[in-house]
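Hi,

Here is the structure I said I'd pass on.

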Amino acid sequence: MEIVFKTVIGDETLSIQAGKLAKQASGSVVVQYGETIVLVTVSSADEPNLNATFLPLSVDYQEKIYSAGRIPGNYFRREIGRPSEKETLTARLTDRPIRPLFPKGYNYETQVIATVLSMDKVHEPDVLAMIGTSAALAISEIPFNGPIASVRVGRVDGRFVINPPIEQAEKSDINLIVAGSKTGIIMVEGGSGFVSESDMIEAIFFAHQQMQPIIDIQEKLQEAIGKAKREFSPPEKDAALAERVEALAFDKIIDALNIAEKIERRSALSDAKKAVIEAMGEEYADRGAEISEAFRDLVKSISRNMIVKEQRRIGNRKLDEIRAISCETAILPRVHGSALFTRGETQVLSALTLGSSHDEQRIETLIGDETSAFMLHYNFPPYSVGEVKRFMGPSRRDIGHGALAKRALERVLPDKESFDYTIRIVAEVLESNGSSSMATVCASSMALMDGGVPIKEPVSGIAMGLIAENGETFVLSDILGDEDQFGDMDFKVTGTRNGITALQMDIKISELSREIMEKALSQAKAGRLHILDKMAETISDHRETLSPYAPIVVTVKVNPERIGEIIGPGGKNIRALQTETNTQISIDDTGTVKIAAFSQEEAAKAQQMVIDIGSDPEIGAVFEGTVVRTTDFGAFVQIKPKTEGLVHISELAHYRVKSVTDVVKEGEKLTVMVIDISRDGKIRLSHKATLEAPEGAAETPSGDSENRGGGRGGRPGGGGSNRNRDSRSRNPRENRKPSAEETK
């Protein structure tokens, strides 16, 4: 049975349709907003996976290029298997708010697939995929503590806007995706332009208020066609086994958790677990997995109780205490900027590389092909946590952490008009014990400054945690990896001294209140400023000059009508220019030419050659031209493609020339200066003006009747007179334009 529920969100109608498409899935809905349509299906295995030690949930999001009325631009002309970065990030966005809402211990294989069927290039499909996932789970037999909803919130000209069109979202100083339930916030992801904590809270809870009608229509949909939920109870744990593990391990775990160093602490915990298994004896010899699980639960319980009852953390840190920080810059000599940021046992090395517009990232999206002049790539190798794993390409986590760090730094970058470079940062995580994405922000901010990139302000980042027990909440600053695992929240905040630039929040409890979020943001600000102070002790502003190994980028403006002359047939001319000058040259339809070179000399040479070809001749300009033909009265010289002028016989030398061919012949190179341009565009040139007059020699006036060519069939206006030019001038560009009287 097909059924549709609708509600107005922002300026558009949002509809959720079920019962028409993909009916064999456990749950299937179509979500439409404007003319953007997303199909979301959820399927679940009939039998539990008894070997699963965590929730066996997979979420995939796919953008079909046909949805925007386009054919893929790759060789295969089809959507290729590897998801794009946008698809990966949206899949993560969809996964994060729903994962905590499954029953604890749920072990049925579950798969969510969201497919973009139509894209109107106005409304983003990502929030529709998130809404559709909640709705599909709500009407399925899968147990799920929903529904939830998601919206995007922007702020334009001081006014909050829900689900702003793509163009409007790009102009917003706040751009967040917020997911929530009826009573609280579940997830936040987004960026902003130096926004205060109070403004960010207002934006988040404005979004929460506006998403309520979406939850309402999902509840109506579930009531109308929802399936009965599958009965599920997690396997009961052996209380006697847990008590015995606690008796044997409690003191050993306490001692281990007082160790600040990660490797030493984990080694102590591992030894404690081995001792417990051995002490359990033959009776429990075949129950090693249960003992290990009980031991993990005990470590988590003790860790949380230390915070709740004693207000202290692993390694005896205070709740708001930041680990020791050290910073270095300029440690890689050949990259264009580098920085090493170490906070506790988390260490990130960021390397900056600058390039030209040729190096910009090309991206195929549903909207069309786009380019990005800023890239930040995050790498998390297995050695950073002392593990041995297969070394593969970037994981979903790598892509997500890199995108967060990129968003944190984008707002402080200079605009292309003032700094016309492509910027790439690679962040190598060398050690990790929590907050590696935030260490990436700090290291990358310093690498930009070390490389001379004129950023507006330094940026730092901090990861916050939360313990919620018996109605009490405790906010933790700069969380460890272990605290992330046993805690209830991972809240990452980045910003400058003047405000927040990016947020990412995930929780493991059902929801967060406004009061808790305000406390977390306030404590995060104090930590962020502390970290900025530590960074400033090493570097507080960008260096005045770029690395000597960075490319030199020069911009030249030429006459758009001469673009074809620069490019040449099939790109012949521009390729020759690049080869001769060892540069990269790009040109757009407005006549803006960008030249990238690795030396000032190469840049200057290419710049002059482009100017010579691409600009109209001006009086006083000097060219090295080619003599294309000679006559009795002078030589015609090509000074650039399709442009030539006349050197009158009187302008060939400082002495009296009897025959043009005594000085130049056809095909020879000749340095000439433009001395006049007539109204009809005819150009008069002088070779004599580029030469130094012989010392003490008196110049024969070039207007002498014996050297005039007008009586020999010269062109009107072709006589090269310049009677009163100072023959002793050392700077030919100072020569004045001949008067009308002199050219008669």
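At what angle do helix α1 and helix α9 pack, and how far apart are their axes? Bear in mind that this is a predicted model. The angle comes out at about 95°, and the axes of α1 (residues 85–98) and α9 (residues 396–410) are 10 Å apart. Angles of 65 to 115 degrees count as roughly perpendicular, so that is how α1 and α9 sit relative to each other.

As for who touches whom, α1 brings E85, T88, L89, A91 and R92 to the contact. On the α9 side you'll find R396, R397, I399, G400, H401 and A403. Sorted by class, the contact between α1 and α9 has four nonpolar, three polar and four charged residues.

Next, helix α2, which covers residues 126–139. Its 14 residues should span 20 Å at 1.5 Å a residue, and the end C-alpha atoms are 21 Å apart, so the two values agree. α2 is also mostly covered, with 14 of its 14 residues buried.

Last, the cysteines. The cut-off for a disulfide is sulfur atoms within 2.5 Å. C442 is likewise in no disulfide, with the sulfur of C327 as its nearest cysteine sulfur. Are these two buried or exposed? C327 counts as buried because its relative accessibility is 13%, and C442 counts as buried because its value is 0%; the limit for buried is under 20%.

Cheers

Technical notes: Residues are numbered from 1 along each chain as its sequence is written. This is a predicted model: local features need pLDDT of at least 70, side-chain atom pairs count only at pLDDT 80 or more; totals for chains, interfaces and linings use all residues. Side-chain values use heavy atoms; hydrogens and water are left out. Helices (H or I, at least four residues) and strands (E, at least two) are DSSP runs, numbered from the N terminus. The expected span of a helix is 1.5 Å times one less than its number of residues. Buried means under 20% relative accessible area, exposed over 50%, partly exposed in between (1.4 Å probe, protein chains only). Axes are lines fitted to C-alpha atoms, for helices over the stretch in contact, and angles run from 0 to 180 degrees between N-to-C directions. Angles under 35 degrees count as roughly parallel, over 145 as roughly antiparallel, 65 to 115 as roughly perpendicular and the rest as oblique. Contact means heavy atoms within 4.5 Å. Ala, Val, Leu, Ile, Met, Phe, Trp, Tyr, Cys and Pro count as nonpolar, Asp, Glu, Lys and Arg as charged, and the others, Gly among them, as polar.
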